Amino acid sequence: MSAHGPIPVLRIGSTLLASIQVELRDTIADAFQEDILKMIAKTGATGLVIDITGLEVVDSYVARVLGDTGRMATLMGTETVVVGMRPVVAATLVRMGFRMEGVLTALNVEDGLALVSDLLVRRHSGGH
Amino acid sequence: MAPCVLSSEKLVIACEDDVVIARRKVRLLAETLGFDPFTTAAITTATSELCRNTWIHAEKGTGLVEQISDGGRIGIRVELRDDGPGIADLDRVLAGGYSTAKSLGLGVSGSRRLTDEFRVDTVVGRGTVITVVKWKRPT
């Protein structure tokens, strides 16, 4: 377990699980993005699950940082899934007109980890 | 008939933490008044967007968080006021997706979509006042 800043990151095999449990100020969100990308490079993680169960309010800036982080990690070659979005958060973001494009989501951590491993299996079997 | 103000609390926006403090205040008021979770999230998120806009574009500003009533309903009114640069292209900003700073350009258009009443008064070079209202849904 490693805690760069207030967001703990757990390593499960070759997948990193980041659990955001604090209310995100903009600078903490920015620092998280940078830290997690560095951690991927350092650990060679092939999967990343970002758990946002703890977030009761996600505004457009935080949503953008989360989406960007997912797209950046994916670009690096790490299968990334954002999990645990609360119903009120999903409803609020859609009503605002926000689209989390290019990022996979799953209901909870368990589903997210399963999705990551499915994607990795598919990648290694050469399928799409 | 103009709604009557039942309570009023001041906001000061001068740094990033003030955005967090403002949305906590609004969230607490919404919960205290018995707003449902979706309506609470809507006014809290709209407040967050508007406060961030004040902080980013004007660096500082002031605001009010008010409990209001129009007789039948109770609601929350949030007002943000700054002496910043003003919004030059208001139509584009209201349409959304037009970003001049960080974020997605959903701040103003998003908070408009999330609230029941939305008013913006802006003069380029003078400042901006944005007021939003969210009414409690009948239970």
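In β4(A), Asp51(A) is the bridge partner of Ser19(A). Helices and strands here are DSSP runs (H or I over at least four residues for helices, E over at least two for strands), numbered from the N terminus. The model is a predicted one, where local features need pLDDT of at least 70, side-chain atom pairs count only at pLDDT 80 or more, and totals for chains, interfaces and linings use all residues. Residues are numbered from 1 along each chain as its sequence is written, while chains are lettered from A and ligands numbered from 1 in the order in which they are written.

Back to that strand in chain A. Strand β3 (residues 15–19) of chain A pairs with β4(A) in the parallel sense, over five bridges; a pair needs at least two bridges found by DSSP. Strand β4 (residues 47–51) of chain A is mostly covered, with five of its five residues buried, where buried means that 20 or more other C-beta atoms, placed from the backbone, lie within 10 Å of the residue's own. In a regular strand the side chains alternate between the two faces of the sheet. Here Gly47(A), Val49(A) and Asp51(A) point one way from β4(A), and Leu48(A) and Ile50(A) the other way.

Chain B has an open sheet of five strands, in the order β1-β2-β3-β5-β4, with antiparallel pairing. β1 (4–13) and β4 (117–123) of chain B sit at the edges with a single partner strand each, so one side of each is left without a neighbour in the sheet. On average, neighbouring strands of this sheet are turned by 10 degrees against each other, direction ignored. Strand β2 (residues 61–69) and strand β3 (residues 74–82) of chain B run antiparallel and are joined by nine bridges, and Glu66(B) stands opposite Arg77(B) in β3(B).

Now the helices. α1(B) lies across β1, β2 and β3 of chain B and runs at about 160 degrees to β1(B). Axes are lines fitted to C-alpha atoms, for helices over the stretch in contact, and angles run from 0 to 180 degrees between N-to-C directions.

| Helix pair | Axes come within | Crossing angle |
|---|---|---|
| α1(B) and α2(B) | 9 Å | roughly 155 degrees |
| α3(A) and α2(B) | 9 Å | roughly 50 degrees |

That makes α3(A) oblique to α2(B), whereas α1(B) and α2(B) are roughly antiparallel to each other. The cut-offs: under 35 degrees is roughly parallel, over 145 roughly antiparallel, 65 to 115 roughly perpendicular, and the rest oblique. α1(B) passes α2(B) in a right-handed crossing, and the crossing of α3(A) and α2(B) is right-handed too.

The contact of α3(A) with α2(B) is made by Val88(A), Val89(A), Ala91(A) and Thr92(A) on one helix and Pro37(B), Phe38(B), Ala41(B), Ala42(B) and Thr45(B) on the other. Its residues divide into seven nonpolar, two polar and no charged.

As for the whole interface, 23 residues of chain B are in contact with 17 residues of chain A, contact meaning C-beta atoms, placed from the backbone, within 7 Å. α1 (16–32), α2 (37–58) and α4 (107–114) of chain B each supply at least two residues of the side of chain B that touches chain A. α2(B) gives the most, with nine residues.

Conventions:
Contact = placed C-beta atoms within 7 Å. Left-handed = near helix turned anticlockwise from the far one by under 90°. Buried ≥ 20, exposed ≤ 12 C-beta atoms within 10 Å, placed from the backbone. Nonpolar A, V, L, I, M, F, W, Y, C, P; charged D, E, K, R; others polar.
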